[in-house]
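Dear colleague,

Please find below the structure that I am handing over to you. My notes on what was found in it follow directly after it.

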Amino acid sequence: MLSHVHLHLLPSASCLFDEPVHVKVTGLRSRQVVTLRARATNERGVVFRSAAIYRADGNGEVDLCRDASLCGSYEGVEPMGLLWSMRAAAPHKYFHWSEAISPHVVRFSVHDSVDVEDEERGVALAEATNVRHLMGEGVTRVVVHLGKYTAVLFTPPGEGQFPGLLDLSTFASEKRASLLANKGFMVLCMPVFYEKAANIKYVELDYFEEALCLLKQHPKVDSDRLGVIGRCKAGDIGLSLVSFVPGVRAMVWINACSANSAVPLHYKGRQILSSLSMDQRKVIPTSDGANIGKFVVGNPEDEENQSSRIPVEKTSAHLLLLASEDDLNFDCKAYMESIVARLRKAGKDNVESVCYPRAGHLLEPPYGPYCHSCVNGFISIINLWGGEPRAHAHAEVLAWRKVEEFLRSRLMLM
């Protein structure tokens with residue numbers, strides 16, 4: 001590496017996962033063309049990479065907040081493009097990172113080559129490592145057992161009283177919960193499926209009510225300020241929870257269904273919702289080996305699916321509905337519009353809704369690698385999730401900001 005070339009990560013090389021980092025290179029020759037690279041490894045050992053070609057200015061500097069990528073993993077001015085455009089060499093890979101204890105580590109480098117494909121080509125002029133923490137300073141993590149379920153409780157620093165938030169995920173993931181704890185919420189993170197989905201005959205709402213009670217009774221939680229958040233199957237469980245169980249002030253629904261999907265829902269020893277009809281013959285295979293599952297589930301508005309429809313009219317919680325227009329897993333925009341229409345018909349004004357054009361199903365906290373396709377953990381096929389990478393990445397920034405604003409306005413003391 002050349003000592004006069006420097007790769008800067010501003011304001012610091014260490015930050016929270018949902019914070020942007022300003023990448024800047026100094027000490028290059030005037031108008032020098034270089035390749036910038038990023039590399040990270042997920043918890044399963046799969047390496048994700050990105051690369052983009054830039055031209056330095058007259059002072060020998062490249063500033064990703066100002067300068068456009070000429071070509072590579074993305075083009076144009078994209079300050080965080082090296083992060084969201086990272087891909088694995090093999091297709092259909094998701095950047096798995098289920099536990100929040102360890103930070104994401106991204107290694108940036110600048111090379112004198114102009115080849116985005118061959119990582120070994122060219123001399124590395126400078127390198128820098130970005131440590132992206134999921135848990136902020138003072139946040140604690142405790143494992144909690146609730147019957148068949150293993151949950152994780154994240155507590156922010158301080159004495160409380162904190163608003164309590166139940167973060168539901170279809171399968172175990174702590175990313176969103178830990179990041180919300182950094183913002184002053186006490187968050188209980190809980191998966192909907194405690195084992196392989198194929199082995200589960202029905203889901204019991206009682207366990208999620210018990211999770212809410214755990215939060216409500218915690219000495220550091222204000223029991224009058226409870227919320228729920230969930231995406232996909234976890235989103236419809238969250239919607240059912242606030243429809244059947246009182247005491248929740250706010251709920252965030254992300255790319256989920258307006259009916260109970262996948263398996264029947266039980267509560268207090270009886271079935272309260274059937275599962276939405278599914279027809280696996282409607283899976284659409286694509287040329288790259290992924291499948292579109294959007295049309296597999298039935299229409300919740302059809303008469304045959306009436307018994308699966310979640311009675312959202314019963315909820316007194318304030319709802320934030322976020323839908324991606326290009327979701328290829330669910331017709332989330334239609335489901336969102338149906339929920340809004342039913343609430344309006346019931347004379348309620350407790351709902352906000354936002355639709356994100358050209359965004360796909362996996363709407364997550366921002367600055368992680370965009371996932372085009374991967375194995376669907378419920379039906380064990382490779383799903384095409386939808387979305388255009390750049391638009392999806394931008395939607396994640398906007399959606400995350402909206403989630404925080406909504407939860408603060410509904411649950412934080414002003």
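Strand E13 (residues 162-169) is largely enclosed by the rest of the structure, because eight of its eight residues are buried (under 20% relative accessible area, with exposed being over 50% and partly exposed in between; 1.4 Å probe, protein chains only). Helices (H or I, at least four residues) and strands (E, at least two) are DSSP runs, numbered from the N terminus.

The model is predicted: local features need pLDDT of at least 70, side-chain atom pairs count only at pLDDT 80 or more, and totals for chains, interfaces and linings use all residues. Residues are numbered from 1 along each chain as its sequence is written, and side-chain values use heavy atoms, with hydrogens and water left out.

E13 pairs in the parallel sense with strand E16 (residues 221-231) over six bridges, where pairing requires that DSSP finds at least two bridges between two strands. Leu168 has Gly230 as its bridge partner in E16. A parallel pairing over six bridges also joins E13 to strand E14 (residues 186-191), and there Gly164 stands opposite Met186. Between E13 and E14 the chain passes through helix H2 (residues 175-181) in a right-handed β-α-β crossover (with the strands pointing away from the viewer, the path from the first strand over the helix to the second runs clockwise).

**Helix H4**

Helix H4 (residues 233-244) is likewise largely enclosed by the rest of the structure, since 11 of its 12 residues are buried; among them are Lys233, Asp236 and Leu241. The end C-alpha atoms of H4 are 17 Å apart, which agrees with the 16 Å that its 12 residues should span at 1.5 Å a residue (the expected span is 1.5 Å times one less than the number of residues).

**Lys93**

Lys93 lies in the loop between strand E8 (87-88) and strand E9 (104-111). Lys93 is partly exposed, with a relative accessible area of 38%. Not counting residues up to four places away in sequence, Lys93 touches Val46, Phe48, Ala88, Cys371, Ser373 and Cys374 (contact means heavy atoms within 4.5 Å). The C-alpha atoms of Lys93 and Ile382 are separated by 9.7 Å, although the two residues are 289 apart along the chain.

**Cavities**

There are two cavities of 30 Å³ or more (on a 1 Å grid over the protein atoms alone, sets of points where a 1.4 Å probe fits but cannot get out; lining residues have an atom within 4 Å of a point). The largest cavity has a volume of about 120 Å³, the space filled by probe spheres set on the points. It is lined by 14 residues, of which Tyr94, Glu364, Gly368, Pro369 and Glu396 are the closest to its centre.

Yours sincerely

Methods: On a 1 Å grid over the protein atoms alone, a cavity is a set of points where a 1.4 Å probe fits but cannot get out, and a pocket is an open set with protein on both sides within 12 Å along at least five of seven lines; lining residues have an atom within 4 Å of a point.
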